[in-house]
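Me: I am new to this structure. Could you walk me through it, feature by feature?

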Amino acid sequence: MIRIELERTAGDYGFEAKDTNGHVITTDTSHDGGGSNAGVRPMQMLLMALGGCAGIDVVMILNKQRQTITHFKMYIDGERETGKEPALWTNIHVVYELGGTIDADKADRACQLSMDKYCSVAETLRRAGANITWEVKLTA
């Protein structure tokens, strides 16, 4: 079992969440929502978690295939339901930007394996109804 500790630290809606290893993330809401804008919005953190999970998968797969990664960046765009509470993610698009000595087919396959097989965050979002698309861009 995993335990996360959450403590209010700033205003009404500013919290610090600590994982079992002592890593801390600050969350808050916008000024419009009554917060201090002192941290990441929880729903945006889900997209960050998707990036972290998929990023680890892709690098692990490409390293096992002896590909040399000198540049790795992801862009994640998401759209949420409108006029609903709760407002879930409906569409998410991930762009992997990879550089180094990387075979394009291996990069595509690594991303596909992550998104469709290994990334637990992607599967969690999919089961909640999100449509997740992705693409790979290789840089020089």
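Reply: Strand 4 and strand 5 (residues 89–101) are paired antiparallel, over 12 bridges. Two strands count as paired if DSSP finds at least two bridges between them. Helices (H or I, at least four residues) and strands (E, at least two) are DSSP runs, numbered from the N terminus.

Me: What kind of model is this, and how are residues numbered?

Reply: This is a predicted model: local features need pLDDT of at least 70, side-chain atom pairs count only at pLDDT 80 or more, and totals for chains, interfaces and linings use all residues. Residues are numbered from 1 along each chain as its sequence is written, and side-chain values use heavy atoms, with hydrogens and water left out.

Me: Back to the strands. Which residues are bridge partners across strand 5?

Reply: The general idea comes first. Strands of a sheet pair through backbone hydrogen bonds, either parallel or antiparallel. Here, Arg80 has Trp89 in strand 5 as its bridge partner. Thr68 stands opposite Thr101, also in strand 5.

Me: In which sense do strand 5 and strand 6 pair, parallel or antiparallel?

Reply: Parallel, over 9 bridges.

Me: How do I read two packed helices?

Reply: Two packed helices are described by the angle between their axes and the distance between the axes. The axes of helix 1 and helix 2 (residues 104–118) come within 9 Å and cross at roughly 135 degrees. Helix 1 and helix 2 are therefore oblique to each other. Angles under 35 degrees count as roughly parallel, over 145 as roughly antiparallel, 65 to 115 as roughly perpendicular and the rest as oblique.

Me: Is the crossing of helix 1 and helix 2 left-handed or right-handed?

Reply: Right-handed. A crossing is left-handed if the near helix is turned anticlockwise from the far one by less than a right angle, and right-handed if clockwise.

Me: Which residues meet between helix 1 and helix 2?

Reply: From helix 1, look for Leu50, Ala54, Asp57, Val58, Ile61 and Leu62. They meet Lys106, Ala107, Ala110, Cys111, Leu113, Ser114, Met115 and Tyr118 in helix 2. By class, this contact of helix 1 with helix 2 has 11 nonpolar, 1 polar and 2 charged residues. Ala, Val, Leu, Ile, Met, Phe, Trp, Tyr, Cys and Pro count as nonpolar, Asp, Glu, Lys and Arg as charged, and the others, Gly among them, as polar.

Me: What about helix 1 and helix 3, how do their axes cross?

Reply: The axes of helix 1 (residues 42–64) and helix 3 (residues 120–127) come within 7 Å and cross at roughly 140 degrees. That makes helix 1 oblique to helix 3. Leu46, Ala49, Leu50 and Cys53 in helix 1 meet Ser120, Val121, Ala122 and Leu125 in helix 3. The residues of this contact divide into 7 nonpolar, 1 polar and no charged.

Me: Is Thr27 buried or exposed?

Reply: Thr27, found in strand 3, counts as buried at 10% relative accessibility. Buried means under 20% relative accessible area, exposed over 50%, partly exposed in between (1.4 Å probe, protein chains only). Among the residues that Thr27 touches are Tyr13, Phe15, Pro42 and Met45.

Me: How many helices and strands are there in the protein?

Reply: There are 3 helices and 6 strands. Along the sequence they follow the pattern β-β-β-α-β-β-α-α-β.

Methods:
Axes fitted to C-alpha atoms, helices over the stretch in contact; angles between N-to-C directions. Contact = heavy atoms within 4.5 Å. Lists of a residue's contacts leave out its neighbours within four places in sequence.
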